[in-house]
Amino acid sequence: MRTMDELGDVAGFYAHFAEHEAKGESATFAQWAAGVAQDPEVLALLGQLPTAKRQPNLVFAAARWHGAVTPSRYDDVGGLRDVLLTRWPRVRETILARATQTNEVGRSASLLPLLCGLPGPLALVEVGASAGLCLHPDRWSYRYLDDGGAEVARIDPVGGPSPVVLDCTITGPVPIPPSPPVVVHRGGVDLNPLDLAADDNAAWLETLVWPEHEDRRQRLSAACEQVADVAVDVLAGDLRTSLDEAIGRARTAAPGATVVVFHTAVIAYLDEGGRRDWPQVVTAALERVRADGGAAHWISNEGSDVLPGVSATARCAESERATFCLALDGQAVAWAHGHGRRLEWC
Ligand SMILES: C[S@@+](CC[C@H](N)C(=O)[O-])C[C@H]1O[C@@H](n2cnc3c(N)ncnc32)[C@H](O)[C@@H]1O
């Protein structure tokens, strides 16, 4: 996952996205992104947008919101080019009004082994929570598989199997937990927390799921239904300035619980200075909890380029199929697939 400030070079960003992010994951998006990268007319439109708004996931979702057909090729009638050129004012309005807040419940399969290794009960503080689906790791069923697809372990919620089953292929000594974690607080912060009960937020989240990922779309919809009645305490704000408040709320709501600050696919949205400073910001916040007698940990699950200092601590090499670095308290422990389909433990 590249960082958003690389979007100054729109053509280069789309070419990289086609080759390194979409290829093998979405034939439509790989084709669309490669098409954009070579299309001066469309590049000129995207160049009018604020830099952070030029990202493929947002532009493609907005085009689909306004009728771009999937699957399709770049220059099909009703495909990306057609919709961008003929419906640009409406697509642009959606791009400006909305954000890529893809909430991927599958990432819980990457987080689970670390969450379960911490002393519970847990007070979860997710920064960049979107609709908060990753705040419910105790609500999903997990199937950990070997490379041949055979089930190595299955973990179900205490009350029995969930309709949301997360499959994750594992390699290396993944510490598979016997049971889900005990969660006593679900909170955090997001620039724009999404209330799934309101407006058309769930529909937008479904539009953000890549076209060929029908299994993810179905899972998202089932997950939203599962947790619609579970309260979460996600503040609206910037993660850098609202972190202490979110931690404070967790400690008040669940005194004695282990505070776990975590994030997945979020830090790439910060500018260079924000990304550089984030490890110190979060570490200092956790030190304050510890100095006050509390237990606190930090779990990060971000693209390998996003927190280079953390990725550099990995004791095994990143693979093509697992490009997110999973770390506990700044120490990398595994490489994970961006949507939680694969976990390679070091
Ligand atoms: C790609 S989504 C990931 C959502 C969720 N963590 C997941 O893995 O499914 C990124 C989220 O980070 C939020 N975000 C981006 N920059 C932020 C900031 N500076 N402060 C708080 N939230 C931010 C966005 O609003 C969005 O909901």
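Good morning. By the rule applied here, the count of salt bridges in this structure comes to 22. Please keep in mind that the structure is a predicted model. Side chains of opposite charge can pair when their charged atoms come close.

Let us take one of these pairs. The side chains of E104 and R216 meet in a salt bridge, with 2.4 Å from N to O. E104 lies in the loop between helix 6 (88–97) and helix 7, whereas R216 belongs to helix 9, so the pair ties together parts that are 112 residues apart in sequence.

I turn now to the domains. The domain assignment divides the chain into domain 1, residues 4–97, and domain 2, residues 105–345. Taken over C-alpha atoms, the centres of domain 1 and domain 2 are separated by 28 Å. How many residues of each domain are in contact with the other? In domain 1 there are 19, and they are in contact with 18 residues of domain 2. Between the two domains an area of about 1500 Å² is buried, and carbon and sulfur atoms give 59% of it. How many salt bridges does the rule find across this interface? The number is zero.

Next, the second largest pocket. It holds about 270 Å³ of space. Its lining consists of 16 residues, and A131, L194, D195, L196 and A228 lie nearest the centre of the pocket. Sorted by class, the lining has 11 nonpolar, three polar and two charged residues. Which element gives the most to this lining? That is helix 9, residues 214–227, with three residues.

Finally, some details of the backbone.

The peptide bond from T70 to P71 is cis, with omega near -10°. P71 sits in the loop between helix 4 (56–65) and helix 5 (80–86).

The peptide bond from G120 to P121 is cis as well, with omega near 0°. P121 is placed in the loop that runs between helix 7 (108–117) and strand 1 (122–127).

Is its phi positive or negative? The phi of S130 is positive, about 55°, although S130 is not a glycine. This residue is located in the loop between strand 1 and strand 2 (141–145).

Thank you for your attention.

Terms used:
Residues are numbered from 1 along each chain as its sequence is written. This is a predicted model: local features need pLDDT of at least 70, side-chain atom pairs count only at pLDDT 80 or more; totals for chains, interfaces and linings use all residues. Side-chain values use heavy atoms; hydrogens and water are left out. On a 1 Å grid over the protein atoms alone, a cavity is a set of points where a 1.4 Å probe fits but cannot get out, and a pocket is an open set with protein on both sides within 12 Å along at least five of seven lines; lining residues have an atom within 4 Å of a point. Grid points are joined across faces, edges and corners, and a volume is the space filled by probe spheres set on the points. Helices (H or I, at least four residues) and strands (E, at least two) are DSSP runs, numbered from the N terminus. Ala, Val, Leu, Ile, Met, Phe, Trp, Tyr, Cys and Pro count as nonpolar, Asp, Glu, Lys and Arg as charged, and the others, Gly among them, as polar. Domain bounds come from an automatic or database domain assignment. Contact means heavy atoms within 4.5 Å. Buried area is the accessible area (1.4 Å probe) that two parts lose on being put together, summed over both. A salt bridge is a side-chain nitrogen of Lys or Arg within 4 Å of a carboxyl oxygen of Asp or Glu.
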